[in-house]
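Here are my notebook entries from a look through this protein. I began with overall shape and then turned to the charged side chains.

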Amino acid sequence: PGILKIIDSVAVACFLSASPYLPLVSCATVIYSLEQGIFHCEESASAFAIFGYFKVFLEGDLAEGKRWGDLTIAILENSGGHSVARARIYLYGCLYFWYIP
């Protein structure tokens, strides 16, 4: 879906500018992805990794953050496009460093 490509670009801009809108963009992407089917679009992976990060950072819920990270990995295993590298940066740079020594 083209809308996810646009939202993914907006999420990158929010991330790079440290925008307070990043959680909202991430939540909107997660909701849209769940409604449309998450395994059909690699742009969902970045949103799921960011959402997992916010679960850990804002709520302190490590188990839930890991669950969203594992879901990100499942999406990445089914894709191979340009968004994969970005999703891996979010996943390992922002989320999984809480779990991997």
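This is a predicted model: local features need pLDDT of at least 70, side-chain atom pairs count only at pLDDT 80 or more; totals for chains, interfaces and linings use all residues.

I checked the size first: a compact globule of 101 residues would have a radius of gyration near 13 Å, and the protein has 12 Å, which agrees. That radius is taken over C-alpha atoms, and the globule rule is 2.2 Å times the number of residues to the power 0.38.

Residues are numbered from 1 along each chain as its sequence is written, and side-chain values use heavy atoms, with hydrogens and water left out.

Next I looked up the fold and found five helices and zero strands (DSSP runs, H or I of at least four residues for helices, E of at least two for strands, numbered from the N terminus).

Then I searched for salt bridges (a side-chain nitrogen of Lys or Arg within 4 Å of a carboxyl oxygen of Asp or Glu) and got three in the whole structure.

In helix H3 (residues 43-59), Glu59 and Lys55 sit four residues apart, about one turn, and their closest N and O atoms are 3.1 Å apart. I noted Glu59 as exposed at 53% relative accessibility and Lys55 as buried at 17% (buried is under 20% relative accessible area, exposed over 50%, partly exposed in between, with a 1.4 Å probe and protein chains only).

Helix H4 (residues 62-77) holds Glu64 and Arg67, three residues apart, and their side chains meet at 2.8 Å, N to O. Asp70 and Lys66 also pair up, at 3.1 Å.
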